[in-house]
Every structure is written in C-alpha cells, then in structure tokens.
Amino acid sequence: MMGLSQPGVAIVTGANRGIGRAIATRLASAGSRVVLTARDAVFLKEVAEAIRGAGGAAIEVAGDLRNPDFPARIVDAVLQSYGRIDILVNNAGATKRGRFLALTRKIGKTSSVPGCESSP
Ligand SMILES: NC(=O)c1ccc[n+]([C@@H]2O[C@H](COP(=O)([O-])OP(=O)(O)OC[C@H]3O[C@@H](n4cnc5c(N)ncnc54)[C@H](OP(=O)(O)O)[C@@H]3O)[C@@H](O)[C@H]2O)c1
C-alpha cells in the first residue's frame, strides 16, 4: 500500500497544523511528495518550508474546502507539479469542543468536515 512503505504523491488536507501537519511531515520524511492544503496560507507555507528544509518535497495550495471550486484547483496544482496523485488524506475538519448537553443544532451545523454538514 502506498504511503509510508511505498512513497507516492500525497494530498493532505488540513495540513497546516495538528494531525494533518503530522501526517504530511511523516509522509514526506518517508519519501512521498506532499501537497498541503488548508485556509491559512501563512501556517501552510511554514509547514511546507519545514518539510523542504528537511530535504522533503512539498507544495502548498491554500483555500477553503467549502468552496466547490477548490478541490479542482488542488488537483490542477498537483498534476502541474507532480503529474500524478497516489494518496489522499482527507483530514481537514472542524469540531467544537464542549459539554454535550450544551451543543445545539447550530453548533452541529458549523462543526463538521467541510462539505459534510449535518442537517438542521
Ligand atoms: N484532535 C482530536 O482529538 C480529533 C478527534 C477526532 C477526530 N478528529 C478529526 O481529525 C482531523 C484533524 O484534527 P486536528 O485536531 O488536527 O484539527 P485542527 O488542529 O483543528 O486542524 C484542522 C485542519 O483543517 C483545516 N481546515 C478546517 N476547516 C477547513 C476548511 N473549510 N477548508 C480547508 N481546510 C480547513 C485547518 O486549517 P485552516 O483553519 O487554516 O483552514 C487545519 O489545518 C479533523 O477532521 C478532526 O475533526 C480530531
């Protein structure tokens, strides 16, 4: 399976911090060429530079996955830079942490994997 044992070209969403950053960094250190995405371009660049500084290959594509056009932009950028896509780590997401009984439907609607919002 591609990934750690067999490097490839990997898109990692939500890669500018947290779990996504850790996954992207690990994949890159194992030889994959990684494509980092998230909304905050400053943090994204910082992660890409850290990976490149350690000898890895990374490009960053900043944008909001709730924008229906963004996935196609990511694919275009990957194909232009690396010519192929082997791995997708669909990690981006947002959660609200708090007491369960304090969660409302409104919170439920805004805390989700982008594109997978709960119904009202
Ligand atoms: N940490 C936990 O204990 C835990 C437990 C269960 C599941 N998870 C899930 O695991 C994933 C990562 O968790 P984490 O703790 O590393 O989360 P995190 O630190 O909050 O990071 C979320 C990532 O997703 C990006 N993101 C959020 N909304 C986005 C959007 N609309 N478009 C593009 N990128 C977006 C964020 O960057 P920007 O804000 O710059 O866009 C960030 O890079 C999430 O899906 C989370 O729900 C986490």
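Among contacts in the chain between residues at least 6 apart in sequence, what share join residues at least 24 apart? In this predicted model, the share is 56%. The chain holds four helices and four strands. Read from the N terminus, these elements follow the order β-α-β-α-β-α-β-α. Of the 120 residues of the chain, 28% count as buried.

The largest nonpolar core has 22 residues. Those with the most contacts inside this core are Ala10, Val12, Ala24, Val34, Val35 and Leu36. Two or more core residues come from each of β1 (9–13), α1, β2, α2 and β3. In soluble globular proteins, nonpolar side chains tend to be buried together. Leaving aside neighbours within four places in sequence, alanine 24 is in contact with Val12, Ala15, Val34, Leu36, Val47 and Ile51.

Alanine 24 is also one of the buried residues of α1. Helix α1 has twelve residues. From its first C-alpha to its last, α1 reaches 17 Å. This is close to the 16 Å expected at 1.5 Å a residue. Just after α1, glycine 31 takes a positive phi of about 110°.

Helix α2 (residues 41–53) has 13 residues. At 1.5 Å a residue, α2 should span 18 Å. Its end C-alpha atoms are 18 Å apart, which agrees. Which residues of α2 are buried? They are Leu44, Val47, Ala48 and Ile51. Seen down the axis of α2, these buried residues fall within an arc of 95°, so they line one face of the helix. An α-helix has 3.6 residues a turn, so residues three or four places apart point the same way. The buried residues of α2 pack against α1, β2 (33–38) and β3 (57–62). On the face turned away from the buried side, α2 carries the exposed residues Val42, Glu49 and Gly53. Just after α2, glycine 55 takes a positive phi of about 95°.

Is glycine 3 buried, exposed or partly exposed? Glycine 3 is partly exposed, because 16 other C-beta atoms lie within 10 Å; a residue counts as buried at 20 or more, and as exposed at 12 or fewer. Not counting residues up to four places away in sequence, glycine 3 touches Leu27 and Ile87. The C-alpha atoms of glycine 3 and arginine 26 are separated by 9.4 Å. These two residues are 23 residues apart along the chain.

How values were computed: Residues numbered from 1 in each chain as written. Predicted model: local features only at pLDDT ≥ 70, side-chain atom pairs only at ≥ 80, totals over all residues. Contact = placed C-beta atoms within 7 Å. Expected span 1.5 Å × (residues − 1). Arc of directions from axis to C-beta. Core = buried A, V, L, I, M, F, W, Y, C linked by C-beta atoms within 7 Å.
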